[in-house]
Amino acid sequence: MSSIPLQSRLPKTYKIKAIKQETEMVRTYTFDGSLGARPGQFVMVWLPGIDEKPFSVAFDNGAETKITFFAVGPMSEEFARCSVGDLVEWKAGQHIALVAGGYGAAPMYFVAAETVHHGCTLEVFVGARSKEHLLYLKELESLPHVSLHVATNDGSMGFKGFNVQHLGKMLEVCQRGSKGNKGLKGVKGGDLDPIDQVFACGPEMMLKAVSELTAKYKIPSQLSLERYMKCGYGICGNCVVDPLGIRLCTEGPVVKNDACVKIEEFGKYHRDALGKKHAF
Amino acid sequence: MNLSQTLLGVTFGNPTILASGIMGITASSWRLVTQNGAGGITTKSLWLKEHKGHKNPTIISTEHWTLNAVGVPDAGPEKAHEEIGSFMKNKPVPLIANIIAESVENFAATAEAILPLQPDFLEVNISCPNVEDEFGKPFACSAPAAAAVTRAVKKVSGKTPVFIKLSPNVDSIAAIAEACASAGADGFTVINTVGPGMAIDLRSRMPILANKVGGLSGPGIKPIAVKCVADVYSATKGKLPIIGTGGIYTGEDAIEIMLAGASLVGIGTAVGDRGIDVFAKICDEMQLWCTNEGVDEIGSLVGGMHRELSQRNTPTRKPSRSGQSRTS
């Protein structure tokens, strides 16, 4: 059974090297130093005197670390405390679909940057409420072997609707299994080899839709779930999900869809700091 | 060897118990702990009304210690009924309901709110060091206050055994235990966390815990727990069962605290260091030790140190009555 290494249970403070205002509400901080993070992992970020919460890692190249988040309130110049969860897993050369909702684009960019190094071809479905809330488009576009598919709820950029609908349309074509299918209207480019695997990060209802869709097409998928955490290393029990009892800080936060479909609260409710249920 | 322990009419499949405050929020969590070998589980402390805890960071640790100031968050009896009710429907192991309150009256009222769920034991948390700013010194720090809470809970508890959870942060834990025993306590959980302590981040110059201070746990506190269990066992002449907890990580740790007088052994912080299956690991290690040492009855270990001392005509050490004894 997994447990979190001891050295990552005490906060370490890092200076902010750069701040990028991504959208009106979203910022990316670059910290000087590597946490040795891998795609799918999260860090517990502590702002002294304010609070401490889990954030997805947007990038870690061994020299610097980036996190992207909603900027609210005064931000301190120190941060830290690293915790590790499960990693996303892929095989070299796979045809992978990434589904990113809102600021879920940040950790999905990290997955994209790593997987293309392993010869993977990517279909990246980035979605947001509207054009100004889209994140990491330039960064994703700059990667080789990436076909970008943009969706916005209001149609201000790309496909009008949810990115999962967009993914559904592609799977309908790709999963017929025959290479060389003609492209589908509204789904841009990319070869249409079957998708080997799907990774997703974003709002839970989006993840639920990805779970159902990938189950329908029998494609393995890995979903990055989010629950309120206190300790971040598996003893407080706050991020345990019903009825499996697994802790998302240690057995997650990335959960394979075979397990996700057994989580009864998935897409239904989550718990607050008191353990009280709140419907999505 | 059969590791089961029966006390006050309740049989535990093995002596390892999930300590209060760890993995203790939901029935799903308790079931996972049970599947990983725990002989019994203790709920997180339950309040009469919703109670907010502290902000994060609430739990931090190194290889030497863990500091926590979660601040006892709880959603109140409605959630307790839902979660405990769900667990009790198909109960795999005994459940100990831990209750907390800010006043003597509300300890009784909380007990009354929880008792209809038929927990096997009530554990009364009079010793949390993390809500002192809110409510003042814990009841466990004064013999009259500890006895008053015990009396109030016993008045409403009927046949459900009442365990009082004691604090090590007192002049004489023996005196507190005696006062609670006279007030009708059926058993004790020994000990709650030590301190409180503090940790400071150097660069921000800030205390790391949002509450600034927090209770100390982890392997380093085991000698304090063993000593406190020995003191309570002596003070009550071994007549009242003790759940020994504090820094228990291995089967040998468990046996040590049983020799001091514990019938059951609480496991908490070790879940983070040895994994959720620490309960099964500790049971395996106890089995192995007992086999190697020719011990065929786990219950024979309870209080073994005290019997050994008296057989060797060494007077059992008298628990100190006031303050720390000085050696120089």
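Start by selecting B:Gly261, which sits just after helix 8 of chain B and takes a positive phi of about 140 degrees. (Helices here are DSSP runs of H or I with at least four residues, strands are E runs of at least two, and both are numbered from the N terminus.) Before moving on, a word on what you're looking at: this is a predicted model, in which local features need pLDDT of at least 70, side-chain atom pairs count only at pLDDT 80 or more, and totals for chains, interfaces and linings use all residues. Residues are numbered from 1 along each chain as its sequence is written, while chains are lettered from A and ligands numbered from 1 in the order in which they are written.

Now step back into helix 8 itself, residues 251-260 of chain B. Is helix 8 of chain B enclosed or open? Nine of its ten residues are buried, so the rest of the structure largely encloses it. (Buried means 20 or more other C-beta atoms within 10 Å of a residue's own, exposed means 12 or fewer, and partly exposed is in between; the C-beta atoms are placed from the backbone.) Among the buried ones are B:Ile255, B:Met258 and B:Leu259.

To see the cover, select strand 3 (16-18), helix 10 (278-293) and helix 11 (304-311) of chain B, which are included in it. Helix 7 (222-235) of chain B belongs to the cover too, and it's your next stop.

The axes of helix 7 and helix 8 of chain B come within 8 Å and cross at roughly 25 degrees. (Axes are lines fitted to C-alpha atoms over the stretch in contact, with angles from 0 to 180 degrees between N-to-C directions.) That makes the two helices roughly parallel, a label for angles under 35 degrees. Pick out B:Val226, B:Val229 and B:Tyr233 on helix 7, then B:Glu256 and B:Ile257 on helix 8: these are among the residues making the contact. (Contact means C-beta atoms, placed from the backbone, within 7 Å.)

Next, show both chains. Chain B puts 39 residues into the contact between them and chain A puts in 33. On chain B's side, helix 1 (27-35), strand 5 (59-61) and helix 9 (270-274) each supply at least two residues.

Finally, colour chain B by pLDDT, the predictor's confidence in each residue from 0 to 100. Its mean is 94, with 95% of residues at 70 or more. Residues 323-328 of chain B are below 50.

Definitions and conventions:
Contact = placed C-beta atoms within 7 Å. Parallel < 35°, antiparallel > 145°, perpendicular 65-115°, else oblique.
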